[in-house]
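Please walk through the strand pairing and the ring contacts of the structure shown here.

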Amino acid sequence: MQVSSLNEVKIYSLSCGKSLPEWLSDRKKRALQKKDVDVRRRIELIQDFEMPTVCTTIKVSKDGQYILATGTYKPRVRCYDTYQLSLKFERCLDSEVVTFETLSDDYSKIVFLHNDRYVEFHSQSGFYYKTRIPKFGRDFSYHYPSCDLYFVGASSEVYRLNLEQGRYLNPLQTDAAENNVCDINSVHGLFATGTIEGRVECWDPRTRGRVGVLDCALSSVTADSEINSLPTISALKFNGALTMAVGTSTGQVLLYDLRSDKPLLVKDHQYGLPIKSVHFQDSLDLILSADSRIIKMWNKNSGKIFTSLEPEHDLNDVCLYPSSGMLLTANEAPKMGIYYIPVLGPAPRWCSFLDNLTEELEENPESTVYDDYKFVTKKDLENLGLTHLIGSPFLRAYMHGFFVDIRLYHKVKLMVNPFAYEEYRKDKIRQKIEETRAQRVQLKKLPKVNKELALKLIEEEEEKQKSTWKKKVKSLPNILTDDRFKIMFENPDFQVDEESEEFRLLNPLVSKISEKRKKKLRLLEQQELHGKEEEEEPEGKPSDAESSESSDDEKDWVAEVRKQRRLLQQEEKVKRQEQLREDQQTVLKPQFYEIKAGEEFRSFKDSATKQKLMNKTLEDRLKLEAKNGTLSVSDTTVGSKQLTFTLKKSEQQKKQQEAEKLHRQERKAVRRSAGHLRSRPRRGRPFH
């Protein structure tokens, strides 16, 4: 049994331990149990709780007595009786199972959806009936009031198979190209299907009409998430009458209230893997969401992580045993996972001894699979010269290789490579030498920029390491090893200026400490130049001197601050005197200003008066304009005041108006002279 803890939540792995090959006889298994302590101490909660190669789906019957699992290879279904803690039956199938569902409380009515479009029905005695759906199916749900099976898959239609009439009904036509998952609410019977476009369509089975559409793809994209493709719906689960959880292919879980089209909460797994399954744990208000790598348990109200579980192999399906703290997983491995979390609830009735057992068990290291056998390929056999043993009892064929006894493997390897022990011995000697070198005093390699700051951080790190030996202190990341601050010790622009006023006032005692560090820096530079391998330890000060220094820190700090302020005042006074001398020596030259085109320069006095006028309040400006005659105030019929402003004309505008007036006078004079000439009689002979 393996015990892990996260956020003070203990998780017991009941399937962890050494497993034995199936092809071993019972006699050899009993012999191994007598010899091997790990085999004898392992906990086998349910006998033969595994698949030949891979387990794809796992579910618990409604009465909690039977655990059903499908796997490969060959495709099969296994039913385990929890009351007997053993295998009830095993049935081989024609093709792999996509998903299945138990229609009864026990295993007497089971429906399997295969990957070759077949739907297979099993009764208590075995195979009962097989039919086919038009398109490849991906998920299905059973509607108990109408006895309808709803199939979704690689089609825009939702196929309905009525089990009472034994025939297909008219399908539901969705707006999606394909549908991935579906679920039916057990309270009011609402049917929901998740599409590849990232939408969830909700249908009423009574009227066979769509009642709502949720765009989950748009809601799953947040400011922190990085999306490379369109999120599709990969998991769907109802809880109660109004709550629904939706899992996407990009690793987000969205929690909805059916009365709103906006999610209440968006939880990101941060792995970018499709969500495989979603389950609700009502006693602690938790949601269990799983992808192929991790199972996360988080609070459905706040989204705060409760605990997480990361199995050794990839996950295909997760099943939460009802009203208990047991978790069952289908993995990409022969073994099916059994985990017990006491915080979630008590152990099931058929394994109530786990409550007492988990209190006494300690954490044990996880052992590897088949420790007494070595897996070798055909190429390995050729290198060892054991190809003539193929077909004999010494080699057991398995997948693309063979299993061989580990003792035989070591004997043959020693005969083929007699110098293997010498190489092993040299490696061990080399490791011992490296360990002794690590215990020596290592030379400190300081960066080129901010050497004193780096030395200060190294000393602080050494002090922290010494303190952690005495008491547990939470370790913080070091700036020297952090890539975010790497440029501070490489770029000369980040060099700390110790002569600046801010640095000297903030670090009043830096002068004394920097002298010690400069001595260390000179010592380290000399050691690097001479290439010494070992560094002599400087003699430490007596404890009395250290205590006296620590007691006088406050007095030294006050005195040093006053001293630094006096020095800064003297430096500032010297700078002012130098600036005054430079001003006296310099000869002021006249400065010329350029006026923009179209503007007339009057004097600097006008700009000053304008600036003064703008700084005055509105009341003062109104009084001044009324005094100059540019403002008139009158009463209106309504009873309020009316202000009329007369804008002053500039000199340029006055000149322009005078020029226009003169131009108009000239044109009038020209018109008069032209009219006078027309009124005169013509002289000369008439024209015939």
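T70 stands opposite V77 in β5. Strand β4 (residues 66-72) and strand β5 (residues 76-81) pair in the antiparallel sense over 6 bridges; pairing requires that DSSP finds at least two bridges between two strands, and strands are DSSP runs of E with at least two residues, numbered from the N terminus. The model is predicted, with local features needing pLDDT of at least 70 and side-chain atom pairs pLDDT 80 or more, while totals for chains, interfaces and linings use all residues. Residues are numbered from 1 along each chain as its sequence is written, and side-chain values use heavy atoms, without hydrogens and water.

Both strands belong to an open sheet of 4 strands in the order β3-β4-β5-β6, with antiparallel pairing. At its edges are β3 (54-60) and β6 (86-92), each of which pairs on one side only.

The whole structure holds 10 aromatic pairs, counted where ring centres of Phe, Tyr or Trp (its six-membered ring) lie within 6.5 Å; planes under 30 degrees apart are stacked, over 60 edge-to-face and the rest tilted. F89 and Y107 form a tilted pair, 5.1 Å centre to centre with 50 degrees between the planes. This pair links distant parts of the chain, 18 residues apart: F89 is in strand β6, and Y107 is in the loop between β7 (97-102) and β8 (110-114). F89 is buried at 15% relative accessible area, and Y107 is buried at 8% (buried means under 20%, exposed over 50%, partly exposed in between, with a 1.4 Å probe and protein chains only). Ring pairs link Y66, F89 and Y107 into a cluster.
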